[in-house]
Amino acid sequence: MTTEQDKAKHKARMQEHKEKVDARVAQAQEEKGILIVLTGNGKGKSTSGFGTITRAVGHGLKAKVVQFVKGTWPCGERDLLQANGVEFHVMGTGFTWETQDKETDIAAAKKAWEKAKEWLADESINVVLLDEITYMLSFKYLDVDEVVTALANRPKMQNVVVTGRACHRAVMDIADTVSEVKSVKHAFDNGVKAQVGIDW
Ligand code: ATP
Ligand code: MG
C-alpha cells in the first residue's frame, strides 16, 4: 500500500470513530451529581479520590472529605487541600488496632458518619469524598441501609466518591461509576518501604 493510500485509510477510520464518539456524546445529556466507587485491592483508590477533589477545587467547587482511617496518620493531600479551603473530618481518635476496643471504634465511626450525613444533606457542597468508608460497612460499624439511604437521598447535583477495598454490593448497585483497581504487582511485596509523598 502506498503512503497516500495508507493515509486515506487512516483518515476514513478516524472519521468513522469520531462519528461514533460524537453520537455517544450527544446522547449523554443528563446533568446530575454522580456517585463514584473506587474499590479493589490495587494501589490508586485514595489517590484517585483526592485527585477528583483537587480537580473540583481547581474549578472553584466546594469539597469536603471524611477519612474513615485509624489513628492520626499523616496525609500529604490533607495538608495541601486544607490549605486550599477543603474541610476534613478524620475519624482518627480512638480508632487504633492497639486498643482493640470495638465500642470505641464504633463510636468513632458513628461520629465520622454523622459528619458525612450532614455534608450529604448540604446542597451547597459539590463533592464529598468518603475515603475508606467501605471498611466501616465490612466491619458492620455502620449500617449499610443507612449509608445507602443517605447516599441515594443526597442533593441531585452533589457528587460523592467512595473508596476502599471490598465495597458492599448495595453501594455499588446505586453508584453511577464503579472502578475496580486490580493489583498486578506492588513494590511493598518486593520489600520496598512505603514512601512519603508516594504512599501517604
Ligand atoms: P493509595 O492511597 O496509594 O491510592 P489505595 O487507597 O488504593 O492506595 P489502600 O488499601 O487504602 O489503597 O492502601 C493504603 C496504603 O497501602 C497506601 O500507602 C498504599 O500505597 C498501600 N497499598 C495499596 N495497595 C497495596 C497493595 N496491593 N499492596 C501493598 N500495599 C498497598
Ligand atoms: Mg486508600
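## An aromatic cluster

Tyr135 counts as partly exposed, at 23% relative accessibility. On this scale, buried means under 20% relative accessible area and exposed over 50%, with partly exposed in between (1.4 Å probe, protein chains only). Phe139 is also partly exposed, at 33%. Tyr135, Phe139 and Tyr141 make up one aromatic cluster.

## About the model

This is a predicted model: local features need pLDDT of at least 70, side-chain atom pairs count only at pLDDT 80 or more, and totals for chains, interfaces and linings use all residues. Residues are numbered from 1 along each chain as its sequence is written, chains are lettered from A and ligands numbered from 1 in the order in which they are written, and side-chain values use heavy atoms, leaving out hydrogens and water.

## Overall build

The protein has seven helices and six strands. These are DSSP runs numbered from the N terminus: helices are H or I with at least four residues, strands E with at least two. Along the sequence, the pattern reads α-β-α-β-α-β-α-β-α-α-β-α-β.

Along the principal axes, the C-alpha atoms fill a box of roughly 75 × 45 × 35 Å. The protein has 200 residues, and 35% of them are buried.

## Aromatic pairs

The structure holds three aromatic pairs. Rings of Phe, Tyr and Trp (its six-membered ring) pair if their centres lie within 6.5 Å; planes under 30 degrees apart are stacked, over 60 edge-to-face, and the rest tilted. Phe50 and Phe88 form a stacked pair, with 6.2 Å from centre to centre and 15 degrees between the planes. Phe50 lies in helix H2 and Phe88 in strand E3 (residues 87–92), so the pair ties together parts that are 38 residues apart in sequence.

Phe50 is buried, at 3% relative accessible area. Phe88 is buried too, at 12%. The pair of Tyr135 and Phe139 is tilted, because its ring centres are 6.5 Å apart and its planes stand at 40 degrees.

## The magnesium site

Ser46 (OG) and Glu132 (OE) coordinate the magnesium ion (ligand 2) at 2.1 Å. The two residues come from distant parts of the chain, 86 residues apart: Ser46 sits in helix H2 (residues 45–58), and Glu132 in the loop between strand E4 (127–131) and helix H5 (133–138). Donors are N, O and S atoms within 2.8 Å of the metal (3.2 Å for Na, K and Ca); water is not among the atoms, so sites may look incomplete.

Glu132 is buried, and so is Ser46. For Ser46 the relative accessibility is 17%.

## Around ligand 1

Ligand 1 is surrounded by 14 residues. The closest are Lys43, Gly44, Lys45, Thr47 and Asp199. A residue counts as near if one of its heavy atoms lies within 4 Å.

The backbone reaches oxygen atoms of the ligand. For Lys45, a backbone N or O atom lies 2.7 Å from an oxygen atom of ligand 1. For Gly42, a polar backbone atom is 3.2 Å from an oxygen atom of ligand 1. Taken alone, ligand 1 exposes 570 Å², and the protein buries 77% of that (Shrake-Rupley method, 1.4 Å probe).

## Cysteines

How many disulfides does a search of the whole structure find? The count is zero, with a disulfide defined as a pair of cysteine sulfur atoms within 2.5 Å. Cys75 is buried, at 10% relative accessibility. Cys167 is buried as well, at 9%.

Key: A polar contact is a pair of N or O atoms within 3.5 Å; within protein, one must be able to donate a hydrogen and the other to accept it, and residues adjacent in sequence count only if both atoms are side-chain atoms.
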